Amino acid sequence: MPQREQAMRRHFHQAAARCGFSVAPAQEAAVERLARLAAELARPAWTFPRPPRDLYVWGPVGRGKSWLVDTFYEGLPAGRKRRLHFHDFFRRLHDGVSRPSGRHDGQSAVDSALDELIGDSRVLVFDEFHAHDAGDAMLIARLFKTLLDRRITLVTTSNYPPAGLMPDPLYHHLFEPTIKLIQDRMDVLDVSGPVDFRRLSAPQPDAGGRRFATGLCLPPGDAALEALGFAVPAPANS
């Protein structure tokens, strides 16, 4: 659907303009691929035998990975989509797998926990995927295989290329099958351009823009903190 692809591409550039930026050259390929994915997802599921290819967006910190996938997510129609930070998702998955449920098969436990977390979502967006803990390696491996075997499209960001996951040389070999699975089953998008956007001066957004950089630092005791629901300490006795 060219119209849906063009609409998503326009959505990216408008979102950047609202923040006072333009899409960086290193991000253009990711924008194009995410726009194409939006068009693929707009097709009825019965018109193609497999879901669209999954995406793995990686680059050093400050390259706008989260902005890219958040903007993509916001531009998708409502319903059957889920966005989760990987750390929170994995903690909840671990709790779900560990919870007594009468099941004894490990794969079934993962499936059951996933059903609770993602329901009937057709698109799942993970932010900041990583694998450092050798103790979690097998569960993460099982998670990715289960997700990639389902009719769901996975979009994830990471600070590491797939080959850089589980960097500890003592345990890296344990994760190599999962790395190969990611490389075989996901399109890997490198957005590691030269610009660290965290170090740029924040431009003034237009009236519709919103940036964390425009926030204020409020001293303890400020009435605005109380209005936001934060506890305001009582003044010290003189």
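## A buried serine

S121 lies in the loop between helix 5 and strand 3; helices (H or I, at least four residues) and strands (E, at least two) are DSSP runs, numbered from the N terminus. This is a predicted model, in which local features need pLDDT of at least 70 and side-chain atom pairs count only at pLDDT 80 or more, while totals for chains, interfaces and linings use all residues. Residues are numbered from 1 along each chain as its sequence is written, and side-chain values use heavy atoms, with hydrogens and water left out.

With a relative accessible area of 10%, S121 is buried (buried means under 20% relative accessible area, exposed over 50%, partly exposed in between; 1.4 Å probe, protein chains only). A polar atom of the S121 side chain lies 2.8 Å from the backbone oxygen of I118. Not counting residues up to four places away in sequence, S121 touches R80, K81, R82 and I152, where contact means heavy atoms within 4.5 Å.

## Chain overview

The protein chain has eight helices and five strands. Along the sequence they follow the pattern α-α-β-α-β-α-α-β-α-β-α-β-α. Of the 238 residues of the protein chain, 38% count as buried. Among contacts with a separation of 6 or more, residues 24 or more positions apart account for 78%.

The five strands form an open sheet in the order 2-3-4-1-5, with parallel pairing; two strands pair if DSSP finds at least two bridges between them. Strand 2 (81–85) and strand 5 (186–190) are the edge strands, each pairing on one side only. On average, neighbouring strands of this sheet are turned by 15° against each other, direction ignored. Axes here are lines fitted to C-alpha atoms, for helices over the stretch in contact, and angles run from 0 to 180 degrees between N-to-C directions.

Strand 3 (residues 123–127) pairs with strand 4 (residues 153–158) in the parallel sense over four bridges. L124 stands opposite L154 in strand 4. Helix 4 (residues 86–98) packs on the sheet and touches strand 2 and strand 3, its direction making about 95° with that of strand 2. Helix 7 (residues 172–185) also packs on the sheet, touching strand 1 (54–58) and strand 5, and its direction makes about 90° with that of strand 5.

## Helix 4 against helix 6

Two packed helices are described by the angle between their axes and the distance between the axes. The axes of helix 4 and helix 6 come within 12 Å and cross at roughly 100°. That makes helix 4 roughly perpendicular to helix 6 (angles under 35 degrees count as roughly parallel, over 145 as roughly antiparallel, 65 to 115 as roughly perpendicular and the rest as oblique). Helix 4 makes the contact with F86, F89, F90, L93, H94 and V97, and helix 6 with L139, I140 and L143.

## Nonpolar cores

A nonpolar core is a set of buried Ala, Val, Leu, Ile, Met, Phe, Trp, Tyr and Cys residues joined through side-chain atoms within 4.5 Å. The largest has 32 residues, of which F89, L93, F129, F144 and F175 touch the most other members. Strand 1, helix 4, helix 5 (106–118), strand 3, helix 6 (137–149) and helix 7 each supply at least two residues of this core. Helix 6 gives the most, with seven residues.

F89 touches L84, L114, L117, I118, F126 and L143, not counting residues up to four places away in sequence. Apart from this core lies another, of 23 residues, among them A30, A38, F72 and V125.

Technical notes
Polar contact = N/O pair within 3.5 Å; in protein donor to acceptor, adjacent residues only side chain to side chain.
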